[in-house]
Amino acid sequence: MAPPGKSLLSVEDALSRVLDGAGRLGDEIVSVYDALGRTLAEPVIAKRTQPPFASSAMDGYAVIAADATVGAQLDVIGEAAAGHIFSGRVKPGEAVRIFTGGAVPEGADSVLIQENAVRSGTRIHVREDTRSGQHIRAAGIDFKGGDLLIPAGTALSTRALALAAATGHLRLQLARRPRVAVLATGDELVSPDAVPGPAQITASNSYMVGGVVSAACGEVIDLGIAPDKLSDIQAAVRRARKEGADVLVTTGGASVGEHDLVQEAFKNEGMKLEFWRIAMRPGRPIMYGRIGDMRVIGLPGNPVSAYTGAMLFVVPLLRALQGRTDIHHALEHAVLGSDLPANDWRADYLRGTLKAREDAAAIATPFPRQDSSMMRVLAEAECLIVRPAEEPARKAGDPCRIIRLGTSS
Ligand SMILES: Nc1nc2c(c(=O)[nH]1)N[C@H]1C(S)=C(S)[C@@H](COP(=O)(O)OP(=O)(O)OC[C@H]3O[C@@H](n4cnc5c(N)ncnc54)[C@H](O)[C@@H]3O)O[C@H]1N2
Ligand code: MOO
C-alpha cells in the first residue's frame with residue numbers, strides 16, 4: 001500500500017496553482033524614500049546623461065598629454081573645481097588646476113595627478129608622463145538620456161533608488177502593496193502580553209507571518225486571534241474582506257482534528273478550495289483557495305510549518321501580486337555539513353547553519369532536531385536545506401541546495 005498521502009500535490013504544483021492568475025494589483029506614485037524593496041510598475045528611463053560632461057576622476061591638473069611630459073614646465077591658467085566651469089581653453093604649455101568631479105576644460109585631454117606635479121607659484125613641473133584620456137571620465141560613461149535604466153518588475157535596492165534619483169526621478173510609479181490579513185486561530189493561544197493559563201500557549205506565529213509579509217512589501221492587517229469556533233473564524237474572514245484584503249493568511253486549525261475548523265469556516269464563507277495538503281515537510285496541511293477576489297492561505301499552526309509555508313507560498317504570491325519578474329527564491333548551491341538519511345515522499349526543508357568554505361561553496365549543516373514546533377532552532381537557522389522527495393541518502397560534503405535566510409526573512 002502506498003504511504004498515506006503519497007499522492008499529495010508536489011510543492012511545485014501547489015506553487016503554480018497559488019501563482020495562477022496572480023499579477024500586479026495596481027499602481028501608485030511613491031517617493032524614492034519610501035520605495036526600498038518595492039516593485040517598479042513603470043521602467044525608469046534616464047532623463048539625463050551621466051556624467052553630463054567629461055569630468056576628472058582625480059585631483060590634479062588638466063593638461064594636454066602630448067605636451068605634459070616628464071620635465072615639462074606648465075603655466076597654471078585657472079581652476080576647475082567640482083561645480084565650477086573653467087571657461088577658457090588649455091593650450092600647449094598650459095595646465096588648469098582641477099579637482100575630482102570638475103569639468104575637464106576644452107583643449108585638455110588628460111589629468112596629471114597632483115602627486116606627479118611640483119607646484120611653485122603659478123607654474124608646475126611635470127614629474128611623470130600622462131596618457132591621453134587618463135583620469136578622465138567621458139560624458140555618458142555611466143548612462144545616457146533615454147537609456148532604460150531599471151525595467152518594470154524590478155524590486156528596488158538602495159542602489160537602484162540612487163540610480164533613479166540620479167536621473168531626476170524622485171517619485172516612482174510602483175506596484176501597490178498587497179493588503180494581507182493575518183489571523184491566528186486556536187483556543188490555546190494568548191497574546192504575548194498575557195500570562196498563559198493552564199494548557200495555554202503564547203501566540204507568536206502572526207509576528208513571523210506579518211514580518212514575512214512586510215519584508216515582501218505587503219501591508220499587514222492584523223486580525224488577532226480567533227478561538228476554535230466557526231462563528232469567530234468566519235467573522236474574521238468577513239473582517240478581512242471588509243478591510244479589502246487581497247490575501248488572508250491564517251495559522252493553525254489546518255489539520256484533521258475536530259478542532260481544525262479553518263477549512264470549514266472558509267467554505268462557509270464561500271471558499272473555492274484549490275488544494276489542501278502538500279507533499280512537504282514541514283507544512284503538509286497547507287490549504288489554498290479563494291473567497292471572491294481574496295486569496296486565502298491556511299498555514300499549519302506549528303511555527304516552523306507556518307514559516308516554511310509563508311516563505312514558500314506567501315512570498316512568491318506577494319511578489320507576483322506586485323508584478324515582480326523574479327518571484328522565486330534563489331536555490332543556492334552548498335555542500336552538506338553532515339550525513340543525511342534517504343528522504344521519503346515529502347520534499348524536506350531542513351533548518352541549518354551556514355559556514356563559509358575556502359572554495360566558495362558554503363557548508364550547510366542541518367540542526368540535529370528538526371521538530372516543527374522548535375522556534376529557537378528556526379530563529380538560529382541561516383538556511384533551509386531543500387531536499388527533493390525520494391532523495392537517496394547523502395554524505396557530508398555532498399552537494400545540496402539551500403534557500404538562504406537573512407535578517408529580513
Ligand atoms: N492525526 C493527524 N494529526 C496531525 C496531522 C495529520 O496529518 N494527522 N498533521 C500534523 C501536522 S503535519 C501538522 S503541521 C499539524 C498542524 O496542525 P494545525 O494546523 O491544525 O495546527 P494546530 O493544531 O492549530 O497547532 C499546532 C501547534 O502549533 C501551535 N500553534 C498554533 N498557532 C500558533 C501560534 N499562532 N503561535 C504559536 N504556536 C501556535 C499549537 O499550539 C500547536 O502546538 O498537525 C499535525 N497533526
Ligand atoms: O507538516 Mo507538519 O508541518 O510536519 O509539522
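Reader: Which residues does arginine 284 touch, leaving out those up to four places away in sequence?

Author: In this predicted model, arginine 284 touches Arg277, Ile278 and Arg346. Arginine 284 itself sits in the loop between E19 and E20.

Reader: Okay, and how do you know whether arginine 376 is buried or exposed?

Author: Arginine 376 has 8 other C-beta atoms within 10 Å, so it is exposed. You'll find arginine 376 in helix H7, residues 375-380. From threonine 185, arginine 376 is 191 residues away in sequence and 22 Å away in space, C-alpha to C-alpha.

Reader: What makes phi of histidine 135 worth a look?

Author: Most residues other than glycine have a negative phi. Histidine 135 has a positive phi, near 60 degrees, and is not a glycine. This histidine 135 lies in the loop between strand E9 (123-126) and strand E10 (136-137). Histidine 135 has 20 C-beta neighbours inside 10 Å, so it counts as buried.

Reader: And what is phi of cysteine 217 near?

Author: Phi of cysteine 217 is near 65 degrees, again a positive value in a residue other than glycine. Cysteine 217 lies in the loop between H3 and strand E16 (219-226). With 23 other C-beta atoms within 10 Å, cysteine 217 is buried, because the cut-off is 20 or more.

Reader: Which residues does a cis peptide bond with omega of about -10 degrees join?

Author: Glutamine 50 and proline 51. Proline 51 is in the loop between strand E2 (44-45) and strand E3 (55-56). There's also a cis bond from arginine 281 to proline 282, with omega near -5 degrees. Proline 282 belongs to the loop between strand E19 (280-281) and strand E20 (287-291). For background, most peptide bonds are trans.

Reader: Why is H3 described the way it is relative to H6?

Author: Look at the angle. The axes of H3 and H6 come within 9 Å and cross at roughly 20 degrees. Angles under 35 degrees count as roughly parallel, so H3 is roughly parallel to H6. Their crossing is right-handed. On the H3 side the contact includes Asn205, Met208 and Val209, and on the H6 side Pro303, Ala306 and Tyr307 are among the residues involved. By class, the contact has 12 nonpolar, one polar and no charged residues.

Reader: Which residues come nearest to ligand 1?

Author: Of the 25 residues around ligand 1, the nearest are Asn205, Gly252, Ala254, Ser255 and Gly301. Helix H3 (205-215) and helix H6 (303-320) are the elements giving two or more residues to that shell. The shell around ligand 1 contains 10 nonpolar, 12 polar and three charged residues.

Methods. Residues numbered from 1 in each chain as written. Chains lettered and ligands numbered in written order. Predicted model: local features only at pLDDT ≥ 70, side-chain atom pairs only at ≥ 80, totals over all residues. Helix = DSSP H or I, 4+ residues; strand = E, 2+ residues; numbered from the N terminus. Buried ≥ 20, exposed ≤ 12 C-beta atoms within 10 Å, placed from the backbone. Near = placed C-beta within 6 Å. Nonpolar A, V, L, I, M, F, W, Y, C, P; charged D, E, K, R; others polar. Axes fitted to C-alpha atoms, helices over the stretch in contact; angles between N-to-C directions. Parallel < 35°, antiparallel > 145°, perpendicular 65-115°, else oblique. Left-handed = near helix turned anticlockwise from the far one by under 90°. Contact = placed C-beta atoms within 7 Å.
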